[in-house]
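This report describes selected features of one protein chain. Please look at the sequence and the 3D view before reading on.

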Amino acid sequence: MSVEIVFLVVYFLMLLAIGAWVSRISTRDREGYLLGGRSLGPAVTALRLQSTSMSGYMFLGAGGLGYSQGYFSMWYALGDLGGGVLNLSVLGRRMRKLSHLLGSITSIGYLEHRYPSAWTRAVAAPIALFCMFFYVLAQLLAGGQGLSMVTGLDLNVSLIIAVGVIVGYTLMGGYLAVAYTDFAQAIILVIGMLWILIATLQHVGGLTAGHEGIGAINQNLLTMWGAEGQYFGQWGIILGALLVFSIGYMGWPHVNVSHMSMRRPSVARRAGLYATGFNLLFIPGAYLVGMMALLIVPNLDDPEMAIFSVAETVLPSFAVGLVMAAIMAAIMSTADALLLQAGTIASQDLWGRFVQKNMSERSAVAVSRLTILILAVIGLVLAMTRPPGVFDVVVFATSVLGAAFVPAYVCAVWWKRANSAGAISSMIAGTVGAVAAEMLGSADGLGVDAMVVGILSSTVTIVVVSLATASVDPVPERVLRAVEETAKVDAVPARFVLGEDASLATQRPQQKGRERG
């Protein structure tokens, strides 16, 4: 058995062990299964949020972009570097407070509680579920391909193994298992990326020598305007590159649930520091290694294999195993979060909200687990058919998520006048705007990225519609009081914890005093 396979076996066993351990310590109610009992500290919150955001793109797409477009790829890196701290600063503390005050245990249910209307969830849940399912499908494909590449196993067998491990620890421990495995995987990500970056720079003689070599191939690669200078002055496209991995995160339900699971609101401050540290150590390396790959493994047939090909060239075999584990960590840390949230949306926000209401705690958890299993099996079957263009769909799907949901999540805690009509219209406008822009080719025709079009549409809509319908669709007084309390940094009086949905009363912690801010 090769060293690489040994690393992966140990890695998979570690993940399953974490899931088994968490299943023994986690609570069995919905809040325990879906939010980890709101018990996570700053380090786990930050690294869970960041590893979930990264996905296999950082080892595949980022390296490929650096390989083909040089320093233009750093526009994505610049947006990504501040994405975690921006998300935690804008939403973290306030979303943690408001979700607790309103008795919310899902990121989509939270939107309905803030914008009270059954239509809020009826619109938000299908959009989120559709986009997230395509995203998780691509992660399953990437996981199977990566495992097959290292082990030599048939792709279908590799898919079954990868999906089996992800589903195994997710079903056992729910959100807490996902959070702790993502924390461990984030550490593996950083170690793997730093190791390959250092070895790469040593191999080319340092950063300056590397730049000289790249310049000899194509001077344009050392600029931020693309290999042919094609993006010079294309600020609409550049803005899209900055936004998708910065404010775009604030519209991803599977990422925002991290805020709701924090032990207390003040955790967000320290979590922002951890997130920034992780990003600085991890993100630039992927693009730099991709660029240096031009000197180490020129003429690659598939640029997305740049990082892995460099690793095989510059690292000893046991280190290649670690890098492969890091690639799998990037993929699986996103896949598990997506799978859990997709299952949550299908079971709690659709089935439990509109079909079978007032389920018992045990039944609710059982339905969530069954839904996750069904979605995983469907994803596995589709992945085995090798659907074409899935990765292109994924990039688009994440843009639609951001365009549809960023204004709704941000205005929920920052603008008291945002109402149900505004939020519902905004989600529809953002989705339609992003889809229409993509279909009409706005990036090529107008030089404006589809996400920019979508997020402008949703932002303008929530403001205009909320103001226009303020008299006929006022924000309920209890929601106004909760938003006002959310804005305060001090502690939250226990009397304010008044979940609007009576069926959620059993899921809120019973407090005798005040929750720390």
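Y409 is buried, with a relative accessible area of 0%. Here, buried means under 20% relative accessible area, exposed means over 50%, and partly exposed lies in between (1.4 Å probe, protein chains only). The model is predicted: local features need pLDDT of at least 70, side-chain atom pairs count only at pLDDT 80 or more, and totals for chains, interfaces and linings use all residues. Residues are numbered from 1 along each chain as its sequence is written, and side-chain values use heavy atoms, with hydrogens and water left out.

**Aromatic residues and the core**

Helices are DSSP runs (H or I, at least four residues), numbered from the N terminus, while strands are runs of E with at least two residues. F405 is buried as well, at 0% relative accessibility.

The structure holds 14 aromatic pairs. Rings of Phe, Tyr and Trp (its six-membered ring) pair if their centres lie within 6.5 Å; planes under 30 degrees apart count as stacked, over 60 as edge-to-face and the rest as tilted. Two of the pairs are set out below.

| Pair | Centre to centre | Angle between planes | Type |
|---|---|---|---|
| F72 and Y76 | 6.2 Å | 80 degrees | edge-to-face |
| F405 and Y409 | 6.2 Å | 55 degrees | tilted |

F72 is buried, with a relative accessible area of 2%. One aromatic cluster is formed by W75, W225, F232 and W235.

Which residues have the most contacts inside the largest nonpolar core? They are L111, F282 and F405, in a core of 161 residues. Helix α9 (residues 155–204) gives the most to this core, with 23 residues. A nonpolar core is a set of buried Ala, Val, Leu, Ile, Met, Phe, Trp, Tyr and Cys residues joined through side-chain atoms within 4.5 Å. Not counting residues up to four places away in sequence, F405 touches L111, A124, I127, A128, G251, P253 and M427. Contact means heavy atoms within 4.5 Å.

**Other buried parts**

D349 is placed in helix α15 (residues 317–355). Is D349 buried or exposed? Its relative accessibility is 1%, so D349 counts as buried. Leaving aside neighbours within four places in sequence, D349 is in contact with T106, I108, G109, R121, A125, T344 and F354.

Helix α11 (residues 235–244) is largely enclosed by the rest of the structure, because 7 of its 10 residues are buried. These are G236, I237, I238, G240, A241, L243 and V244.

**Exposed parts**

R269 lies in helix α13 and is exposed, at 55% relative accessibility. R269 and V85 are 184 residues apart in sequence, yet 8.7 Å apart in space, C-alpha to C-alpha.

The loop between α13 (267–296) and α14 (306–314) contains N299. N299 is exposed, with a relative accessible area of 73%. Although N299 is not a glycine, its phi is positive, at about 60 degrees.
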